[in-house]
Amino acid sequence: MVDIVADLSTLCFESGLADDEKKLLYLRARSAGLTFCGCAHAAFVCELIDSLRKPVAPGEDYDLRVGILGMGHLGKQLCLALLEKTKIKPSHIKISTRRPELAVGNLRQVECFFDNRRLAAWADVLFLCCLPSQIPKVCVDLRSYLAKHCLVYSFTSAIPVTRLAKLLGHDYILKPKYDVVSCDTVDVWLSCSHVASAIADPLLIEASCPLTMKGGISLGLNWVCAVLYILLNICTSASLGSSEALLLIKSMFKEKCGDTVQLNAHSFINSSYASSLLSDEPFPWISLMDAQIRETPLLRFLSSSKSVQQLCYCFVFGLFKKK
């Protein structure tokens, strides 16, 4: 479709702004970038978890069940990214929102309702896409309904992960913490108004790679560590031995990263525990809270690893390239 007003400067958004207001135009690109990165990273985590659960429990119905709490701009974009860029079926995605009747287009493939407790009791991964002011009420709804191993993925930046854990009475929480700086390439994000289609853009793929600042937005190593520990915990909950767990996790990255990711037991846990861990003995359950707020063996390993940038690139888009 042709944009008939593309060359009419007086009809552009910027034309009605005062000089002082124009100085804040970079915030539009930053907002678009945060939405893109948030949805892309979250969708990849779901794809990664879903891919690991199937070999861990072959023959069982272990398709990942994803719940989205909130259907504002972020919730809608996340749902579309999941539908179009992962193998998760529409029947395995549900949304709880105060206005379920507003679901349009592809969102109609997904069951929408207003029942936060029902969503919490059903989901394996629950995304919080609500406003900070809504969090206390939402946590009251969710408390006591979350399964122990339900991953809560919070986009509510104003609420620290430790505070959220207390409000929910639940500590299996992943909360991305984005660092944002001013840079000359921030305008790259203005082309990603629709996340699901923008994920195919190589420039945006490169700009959103964790640990880089090519688009002015970066995720820290703690998030990468937490996601790897989630994969390890999935193997632990299935009572897989440490050797088998490591083999499965490494095989997930080998196709896209080659043999550059050299993970072993010492990469994940302290040396004394790793040295005494038997090959058929499961890894201990790892606290996601510790992975995000403390220095872990995995954080030290990745900080010194020359392959960490390649690992992160594969993390976000390795599986998406097959779509």
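The predicted model contains zero disulfides under the criterion of cysteine sulfur atoms within 2.5 Å. Cys112 illustrates this point: the nearest cysteine sulfur belongs to Cys79 and is 6.9 Å away, and Cys112 is in no disulfide. Another cysteine, Cys150, has a relative accessibility of 1% and therefore counts as buried.

The sheet is open and consists of six strands, arranged in the order S3-S2-S1-S4-S5-S6 with parallel pairing. Its edges are formed by strand S3 (111–113) and strand S6 (173–174), each of which pairs on one side only. Strands of a sheet pair through backbone hydrogen bonds, in either a parallel or an antiparallel sense. Strand S5, spanning residues 151–154, is joined to S6 by two bridges in the parallel sense. Within this part of the sheet, Val152 stands opposite Ile173 of S6.

The loop that runs between S6 and strand S7 (178–180) includes Pro176. Pro176 has a relative accessible area of 9%; because this value is under 20%, the residue is buried. When residues up to four places away in sequence are not counted, Pro176 touches Tyr153, Ser154, Leu219 and Trp223. Pro176 also lies 7.9 Å from Gly38, C-alpha to C-alpha, although 138 residues separate the two in sequence.

| Residue | Relative accessibility |
|---|---|
| Cys150 | 1% |
| Pro176 | 9% |

Notes
Residues are numbered from 1 along each chain as its sequence is written. This is a predicted model: local features need pLDDT of at least 70, side-chain atom pairs count only at pLDDT 80 or more; totals for chains, interfaces and linings use all residues. Side-chain values use heavy atoms; hydrogens and water are left out. Buried means under 20% relative accessible area, exposed over 50%, partly exposed in between (1.4 Å probe, protein chains only). Two strands pair if DSSP finds at least two bridges between them. Helices (H or I, at least four residues) and strands (E, at least two) are DSSP runs, numbered from the N terminus. Contact means heavy atoms within 4.5 Å.
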